[in-house]
Amino acid sequence: MLCNHAEAAEGKLYLNGAGVSICWVGAEPPHLVQLALGAIIRVPYTATNQPHTLTVRLLDEDGHPVAPWVPPGAEAMPPVEAANSFTVGRPPQLAPGEDQSLPFAMQFQLAVPSPGAYTFELEIDGEVARTLPFRAIVPPPT
């Protein structure tokens with residue numbers, strides 16, 4: 001879920017301002033977007049005690065990776081992407097077939113290239129698990 005703030009602590013996910021789908025940005029670059037991503041990863045019983053990788057990337061409305069905006073003349077930045085490896089154990093009190101929950105939180109403060117539609121794509125072990133769309137919009141003049 002996209003939100004204003006997310007934190008994962010002690011096996012729980014804490015969200016503030018959850019359900020973000022619009023980010024107001026300035027009319028001129030840099031178009032700053034500040035939001036957080038919070039997720040609960042469900043790990044099946046048969047996938048415990050194995051390494052996994054969560055990859056989060058930012059895509060434009062055409063599904064292409066998005067690199068942050070940089071001022072003219074500055075060196076280009078790589079596309080927005082973060083990967084995190086995790087392994088979830090199988091404690092003795094876990095019943096056979098029972099899933100495990102793993103909370104995950106990530107904060108973003110970045111300059112998108114232009115107003116428009118964007119999507120955070122969450123991939124687990126190379127397979128898309130969830131997409132979280134939002135729009136960067138310039139507010140109308142007052």
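Before you click anything, here is how the pieces get their names: helices (H or I, at least four residues) and strands (E, at least two) are DSSP runs, numbered from the N terminus. With that in hand, the protein chain reads β-β-β-β-β-β-β-β-β-β along the sequence, which comes to 10 strands and 0 helices.

A word on the model: it is a predicted one, where local features need pLDDT of at least 70 and side-chain atom pairs count only at pLDDT 80 or more, while totals for chains, interfaces and linings use all residues. Residues are numbered from 1 along each chain as its sequence is written, and side-chain values use heavy atoms, with hydrogens and water left out.

**Stop 1: the whole chain**

Zoom out. The C-alpha trace of the protein chain spans about 60 × 30 × 25 Å along its principal axes. Now colour by accessibility if your viewer can: buried means under 20% relative accessible area, exposed means over 50%, and partly exposed is in between (1.4 Å probe, protein chains only). Of the 142 residues in the protein chain, 35% are buried.

**Stop 2: a five-strand sheet**

Select β4, β10, β9, β6 and β7. In that order they make an open sheet of 5 strands with mixed pairing; two strands pair if DSSP finds at least two bridges between them. Strands of a sheet pair through backbone hydrogen bonds, either parallel or antiparallel. Which strands sit at the edges? They are β4 (22-24) and β7 (81-87), each pairing on one side only.

Next, pick out β6, residues 51-60. This strand is mostly covered, with 7 of its 10 residues buried. β6 runs antiparallel to β9, and 7 bridges join the two. Show L58 and you'll find it opposite F120 in β9; show R57 and its bridge partner in β9 is E121. What about β7? Here, too, the strands run antiparallel, with 7 bridges joining β6 to β7, and T53 stands opposite S85.

**Stop 3: a cluster of rings**

Show the side chains of F108, Y118, F120 and F134, which ring pairs link into a cluster. The rule: rings of Phe, Tyr and Trp (its six-membered ring) pair if their centres lie within 6.5 Å; planes under 30 degrees apart count as stacked, over 60 as edge-to-face and the rest as tilted. By this rule the count comes to 3 aromatic pairs. For F108 and F120, the ring centres are 4.5 Å apart and the planes are at 35°, so this pair is tilted. F108 sits in strand β8 (residues 100-112) and F120 in strand β9 (residues 116-124), so the pair ties together parts that are 12 residues apart in sequence.

Now centre on Y118 and F134. This aromatic pair is stacked, at 5.8 Å centre to centre with 25° between the planes. Y118 belongs to β9 and F134 to β10 (residues 127-137), so the pair ties together parts 16 residues apart in sequence. Y118 is buried at 4% relative accessibility, and F134 is buried at 3%.

**Stop 4: a charge over a ring**

Select R90 and Y45. R90 lies over the face of Y45, at 4.1 Å from the ring centre. To count, NZ of Lys or CZ of Arg must be within 6 Å of the ring centre and within 35 degrees of the ring normal.

**Last stop: out on a loop**

Finish at P92, in the loop between β7 and β8. P92 is exposed, with a relative accessible area of 82%.
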